Amino acid sequence: MTTIRCSWANPANPRYLAYHDHEWGVPLHDETTLFEMLNLEGAQAGLSWETILNKRDSYRAAFDNWDARKIAAYDEAKVAELLANPGIVRNRLKVAAAITNAKAYLAMREQGLTLDSYLWAFVGGKPIVNDFADGQRPARTELSDRISKDLGKRGFKFVGSTIVYAYMQGIGMVDDHDPRCFRRSGR
């Protein structure tokens, strides 16, 4: 029996299939992973998600397992170390964005907000289940526009609407699995 997956899931990459089968579109509430995914989606800008996913373990090691307090304190020596690390995307703006995002995230926490409560409030705590034809997902929506704008006001970087929509898909705020995909809600 053949397992039917979303059209984007690369069958030649076991890591990508595992991501599709066990993570993408699954509601996520863990703070550290929400912070990690926000930064990884930003790192993906202009690249493929598969590229970033293949480097995820290296990102975790390089960015202290996404400990925002440690990342917010990175100095120029640490930035130079990151920019020399072939296990991550060595883009100065993206590395700087992760540091800026750590500071913005910590500021949110000081205001009593978690990423979990903040993000999931936009969808009333429940994923939006879309019904797009196979492979016909939008790049952005009115909701991703709103969240993107708000994150930007809060000081986050690399959070454009397209990045935010991909993030919403990845953390399960929206279920955009193809209608015939075995991971589709209600199957």
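This is a predicted model: local features need pLDDT of at least 70, side-chain atom pairs count only at pLDDT 80 or more; totals for chains, interfaces and linings use all residues.
Colleague: Hi! What does a side-chain oxygen of Asp75 reach at the start of α6?

Modeller: That oxygen comes to within 3.2 Å of the backbone nitrogen of Ala77. A polar contact here is a pair of N or O atoms within 3.5 Å; within protein, one must be able to donate a hydrogen and the other to accept it, and residues adjacent in sequence count only if both atoms are side-chain atoms. Helices are DSSP runs of H or I with at least four residues, numbered from the N terminus.

Colleague: Which residues of helix α6 are buried?

Modeller: In α6, residues 76-83, they are Lys78, Val79, Leu82 and Leu83. Buried means under 20% relative accessible area, with a 1.4 Å probe and protein chains only.

Colleague: Why do they line one face of the helix?

Modeller: Seen down the axis of α6, the buried residues fall within an arc of 135°, so they line one face. The arc is that of the directions from the helix axis to the C-beta atoms. An α-helix has 3.6 residues a turn, so residues three or four places apart point the same way.

Colleague: And what covers them?

Modeller: The cover includes α4 (56-62) and α7 (92-110).

Colleague: New topic: is Gln44 buried or exposed?

Modeller: Gln44 is buried, at a relative accessible area of 17%. Helix α2, residues 31-44, is where Gln44 sits.

Colleague: What does its side chain reach?

Modeller: The side chain of Gln44 reaches the backbone oxygen of Leu47 at 2.5 Å. Leaving aside neighbours within four places in sequence, Gln44 is in contact (heavy atoms within 4.5 Å) with Trp49, Ile52 and Lys94.

Colleague: How about Leu151, which helix is that in?

Modeller: Leu151 lies in α9, residues 142-153, and counts as buried at 1% relative accessibility.

Colleague: Which residues does Leu151 touch?

Modeller: Not counting residues up to four places away in sequence, Leu151 touches Leu38, Tyr118, Phe156, Val159 and Val164.

Colleague: How far is Leu151 from Arg92 in space?

Modeller: Leu151 and Arg92 are 21 Å apart, C-alpha to C-alpha, and 59 residues apart in sequence.

Note on methods:
Residues are numbered from 1 along each chain as its sequence is written. Side-chain values use heavy atoms; hydrogens and water are left out. Helices (H or I, at least four residues) and strands (E, at least two) are DSSP runs, numbered from the N terminus. Buried means under 20% relative accessible area, exposed over 50%, partly exposed in between (1.4 Å probe, protein chains only).
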